[in-house]
Amino acid sequence: METTNTIFYGKKAAAKTIWQALSALAEGLDIRATARVFDLDPNTVEKWLGQAAKHMEAVSTYLIHDLELTQVQVDELWTLLGRRDSNEGEEGKQRGKRWVWVGMDPVSKLMLGYVVGDRSLECTQLLIHLIVVLLAPECVPIFISDGWSAYGTALLTHFGHWIQMPRQHKRGASPKPRWQPLPQLQYAQVVKKRVKGRVVSVSHRVIYGSLEAITTALTNSVGQVINTAFIERLNLSLRQHVPALGRKVMSLAKGELGLSRQLTLVQAYYNFCLPHIALRLPLPQPVPTKGNGSLKVWQSRTPAMAAGTIDHICRLEELLLFRLPPWQQPTAVAA
């Protein structure tokens, strides 16, 4: 059957209802709102979300790999978990606060990965590891982040090598090798100074590499200067598409698992299904459209298309019907 080994197999609900409900979740509706719109039980929608998240994670892992990136921006944003009344007051907010760590490629706008946890070195290490496994061999892009010091330690862990230190004296034991950053590693931070919650000054701090080399490389890339504007714009998109990340909202996630499922679905939806206006390319010749509309002069592209992992804009139902090898793909989707 076409639905074998997909989330549609064995479901009583129509396949169209399932992917439309998941599309609503990916566009920013919470679980209960989606259940009301499609006249479903909230537990059913939550079950579909869990199955879709597991499938989307496998699809993203299969399609996104060996990336040749020139720049990576990383950042973290916080949210609250649990019930709204349990997060009231400073003590409640600290108890329910979680951090979402995100990495992206500013050139293709590709969302590389995320981690849900606390603001610690362990989560920073995990985020950098998720990004490193997607890179092509010998690829060391420029990393830019905010002033959180754990990023430097995590990058040194993944992009370092042992160096035998020279002897300083003729006598005595030989000096022990030291773990030093690779010569091609370049990492800079954007340090913002705030007064009463407002940014009053912005400075740059080079951790690995040199300011001249980083500035020269960024001149040939996007952004032109050291900045975190692209990852901050992605954070805004995540807050719009994931209800639990929105500010001053009532639809909080109950736990890290539920938040991770929403982020996994949105990550695949953002990378494969949503065209980005900054990625569009002019067509060689205008293409007529249906009716009396103006000619089409731009070719829309998604982040995955810009990264070279796929060659067309995917629909969500196409991703949900995608079967990993050795399963044969459905004829209708492959066409």
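This is a predicted model: local features need pLDDT of at least 70, side-chain atom pairs count only at pLDDT 80 or more; totals for chains, interfaces and linings use all residues.
A residue is called buried here when its relative accessible area is under 20%, exposed when it is over 50%, and partly exposed in between (1.4 Å probe, protein chains only). Residues are numbered from 1 along each chain as its sequence is written, and side-chain values use heavy atoms, with hydrogens and water left out.

**First stop: Q262**

Select Q262, which sits in helix α9; helices (H or I, at least four residues) and strands (E, at least two) are DSSP runs, numbered from the N terminus. Is Q262 buried or exposed? With a relative accessible area of 16%, Q262 is buried. Now show what surrounds this residue: setting aside neighbours within four places in sequence, Q262 is in contact (heavy atoms within 4.5 Å) with L49, V242, P243, A244 and A253.

**Second stop: where α9 meets α1**

Next, colour helix α9 (residues 256-273) and helix α1 (residues 15-27), whose axes come within 9 Å and cross at roughly 90 degrees. The axes are lines fitted to C-alpha atoms, for helices over the stretch in contact, and angles run from 0 to 180 degrees between N-to-C directions. To see the contact itself, show L22, L25, A26 and E27 of α1 together with L265, V266 and Y269 of α9.

Pick out I18, W19, A21, L22, S23, A24, L25 and A26, which are buried. Their cover includes α2 (31-37), α3 (42-63), α8 (229-241), α9 and α11 (316-321).

**Last stop: strand β1**

Finally, select strand β1 (residues 71-80), where 9 of the 10 residues are buried, so the strand is largely enclosed by the rest of the structure. Two strands pair if DSSP finds at least two bridges between them. Strand β4 (residues 142-145) pairs with β1 in the parallel sense over 3 bridges; look for Q73 and its bridge partner I144. Strand β2 (residues 97-105) runs antiparallel to β1, joined by 8 bridges, and here L80 has K97 as its bridge partner.
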